[in-house]
Amino acid sequence: MARFEKDPSPEAWPKLIDELLSRPAYGERWARHWMDVARYGESSGFEHDYDRVGSHHYRDFLIQAFNADLPFSQFVQWQIAGDEFAPGNPRALAATAFLSLGVFPTTVTVNELERVRYEDLDDMLSTTGAAFLGLSVGCARCHDHKYDPIPTKDYYRMLATFTGTVRSEIDLDVDPEKTRELKTAWKAAHERILEENRRLEASLKAPF
């Protein structure tokens with residue numbers, strides 16, 4: 001700020017803006033706000049509150065999306081159906097975690113299965129409506145919306161689009177090239193250890 005105040009150039013202001021936008025902290029700051037919208041959490045909630053393995057990939061996607069100025073249309077598409085729009089892109093797959101970030105019980109009995117599944121679908125739809133439409137779509141679950149033009153019929157028609165969505169945990173490799181390099185280095189180091197072990201075993205064998 002002191003450098004900016006001392007710079008009389010008419011380009012001082014745009015230069016400062018560009019500098020601030022280029023910092024990684026920009027994406028980190030704005031990702032925090034979107035994580036609130038997306039009800040992001042790194043544990044499942046409820047009484048067990050287990051850690052959600054791999055949930056950090058969604059957080060990292062947001063930071064990178066903001067820092068890279070990802071087009072908003074793509075930002076929306078990837079979070080709702082990234083596995084359909086870009087099935088081979090690990091970042092797109094990470095983005096689809098948007099649908100399943102809500103609290104979810106880790107222990108479900110047979111009698112609770114249908115109710116819990118419906119609550120999960122309602123969470124997906126309500127969050128999608130609030131985040132991308134700015135509408136409380138979930139109100140139409142029980143009655144026509146009192147303020148917004150959303151009849152109950154439309155609520156269930158929209159809900160049907162999420163019925164093919166299933167929660168799952170997958171191994172997500174967000175940087176395949178780096179992973180290959182690390183695996184190559186690991187295999188080389190591992191082979192050296194195996195060779196040393198073979199020589200040691202050979203030296204310890206008693207002659208017969």
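This is a predicted model: local features need pLDDT of at least 70, side-chain atom pairs count only at pLDDT 80 or more; totals for chains, interfaces and linings use all residues.

Student: Which side chain does Arg 39 join through a polar contact?

Tutor: The partner is Asp 123, and the polar contact between the two side chains is 2.8 Å. Beyond residues up to four places away in sequence, Arg 39 also touches Phe 98, Leu 99, Ser 100, Leu 101, Gly 102, Met 124 and Thr 127.

Student: Now a helix. Which residues of helix H8 are buried?

Tutor: Look for residues under 20% relative accessible area. In H8 (residues 152-159), Thr 152, Tyr 155 and Leu 159 are buried. They lie on the same side of H8, because they cover an arc of only 55 degrees around the axis.

Student: What do the buried residues of H8 pack against, and what does the face turned away from them carry?

Tutor: The buried residues pack against helix H7 (113-133). The face turned away carries Lys 153 and Arg 157, both exposed.

Student: Which residues touch the most other members of the largest nonpolar core?

Tutor: That core has 32 residues, and Trp 34, Tyr 58, Phe 61, Leu 62 and Phe 98 touch the most other members. At least two residues of the core come from each of H3, H4, helix H5 (72-85), helix H6 (90-95), H7 and H8.

Student: What is Trp 34 in contact with, leaving aside neighbours within four places in sequence?

Tutor: Its contacts are Tyr 58, Leu 62, Phe 66, Phe 75, Gln 79, Phe 98, Ala 131 and Phe 132.

Key. Residues are numbered from 1 along each chain as its sequence is written. Side-chain values use heavy atoms; hydrogens and water are left out. A polar contact is a pair of N or O atoms within 3.5 Å; within protein, one must be able to donate a hydrogen and the other to accept it, and residues adjacent in sequence count only if both atoms are side-chain atoms. Contact means heavy atoms within 4.5 Å. Buried means under 20% relative accessible area, exposed over 50%, partly exposed in between (1.4 Å probe, protein chains only). Helices (H or I, at least four residues) and strands (E, at least two) are DSSP runs, numbered from the N terminus. The arc is that of the directions from the helix axis to the C-beta atoms. A nonpolar core is a set of buried Ala, Val, Leu, Ile, Met, Phe, Trp, Tyr and Cys residues joined through side-chain atoms within 4.5 Å.
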